[in-house]
Structures are given as C-alpha cells and as structure tokens.
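I opened the file to look up pockets, salt bridges and the nonpolar core. My notes follow in the order in which I looked.

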Amino acid sequence: MHPSAALGQGGASSRGGEVASMAPAPRRSSRKDANALPSMSSTFWAIMILASLLIAYCKRPSEVCGQLAAGTCEIVTLDRDSSQPRRTIARQTARCACKKGQIAGTTRARPACVDARIIKTKQWCEMLPCLEGEGCDLLINKSGWTCTQPGGRIKTTT
C-alpha cells in the first residue's frame, strides 16, 4: 500500500501499531484578536501622538490650559449697570494665582496680586489702584477708594 493511501482523516498512517506523522504545517492562529494587533498598534500611536500634542500645547502660556502663571490675574466676569443717570455701576470678578504673601487686589485699574498687608490694613491706595494721572483717596470708613480724574470725574470702588 502506498503511504499516502494509508492516511486517514487524522493525517497519520497506522502500520503495525506505529504512528507516522507528517512534518508540521505552518501554524495559523485561530484567535480572533490575532489580526487586531496592527489596528491596536496604530490606535496606540494615535493616542500617544495626541497626548504629546496636548502636553506640548499646555506648556504654552498658562491661559491655554486653564492655569495662571504665579503672580498673575485674569478677569472672569464683568457686568456694567448704566440704568441710573450719570452713574455706572461696574462689577467684576477676577481669578488670581498669587505668590506667597500676596493677595488679589487692583493695580492701575486692573486685577493684580498685591502685598497682603495692604488688604489687611485697608490702605487701598498703597496698591496703586487708579490709572496714571488719577488721584487716589480712601473712603472715610476704609471700605474702598476713589479715583479722581484731572477733569473732576470721580470713580468709587468698594
């Protein structure tokens, strides 16, 4: 009998109790995720590239990523009410990242980090809250200050 004719379904011939085997065929994986490796790899690299770009983007000026540099402030909200004649009421909210010993205040009519001692002692004019050329005066009860412009217009801040 020819050896190839004796092959059964198992791929081996049985001659006198001996089991003959053929050379192993190259293995083909039957795993479902065996072909997922290339797409997983490209997904991994896509995520890594995006993460790198985000990190590089956030190393730019602090406003970009929502964090302020130490010693700086930004205006968050600004509301103006001009419903009364000859009077405008402005309210603003600022967000500051002040250094140790500083606190949020106003310098040259802009939010700024100022020495905490100025706020504690309510000596508002020491933080130079008025624009250049304006005069600063404390309110009688020290609850705020006034900035007087050369033309006589007065801005009061409390």
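I began with the term pocket: on a 1 Å grid over the protein atoms alone, it is an open set of points where a 1.4 Å probe fits, with protein on both sides within 12 Å along at least five of seven lines, and lining residues have an atom within 4 Å of a point. Grid points are joined across faces, edges and corners, and a volume is the space filled by probe spheres set on the points.

I noted that this is a predicted model, where local features need pLDDT of at least 70, side-chain atom pairs count only at pLDDT 80 or more, and totals for chains, interfaces and linings use all residues. Residues are numbered from 1 along each chain as its sequence is written, and side-chain values use heavy atoms, with hydrogens and water left out.

**Pocket.** I read a volume of about 1400 Å³ for the largest pocket. Its lining has 33 residues, and A90, R91, T156, T157 and T158 lie nearest the centre. I sorted the lining into 17 nonpolar, eight polar and eight charged residues (nonpolar: Ala, Val, Leu, Ile, Met, Phe, Trp, Tyr, Cys and Pro; charged: Asp, Glu, Lys and Arg; polar: the others, Gly among them). Which strand gives the largest share of the lining? Strand 4 does, with seven residues (strands are DSSP runs of E, at least two residues, numbered from the N terminus).

**Salt bridges.** I found four salt bridges in the structure (a side-chain nitrogen of Lys or Arg within 4 Å of a carboxyl oxygen of Asp or Glu). E74 and R95 form one of them, at 2.7 Å from N to O. E74 lies in strand 3 and R95 in strand 4, so this pair ties together parts 21 residues apart in sequence. Another joins E134 and K155 at 3.1 Å. Is E134 buried or exposed? E134 counts as buried, at 15% relative accessibility, while K155 is partly exposed at 25% (buried is under 20% relative accessible area, exposed over 50%, partly exposed in between, with a 1.4 Å probe and protein chains only). I also saw that shared partners join D115, R117 and E126 into one network of salt bridges.

**Core.** I listed V114, I118, W124, M127, C130, W145 and C147 as the largest nonpolar core (buried Ala, Val, Leu, Ile, Met, Phe, Trp, Tyr and Cys residues joined through side-chain atoms within 4.5 Å). Beyond four places in sequence, W124 has contacts that include I118, L138 and W145 (contact means heavy atoms within 4.5 Å).

Definitions and conventions:
Helix = DSSP H or I, 4+ residues; strand = E, 2+ residues; numbered from the N terminus.
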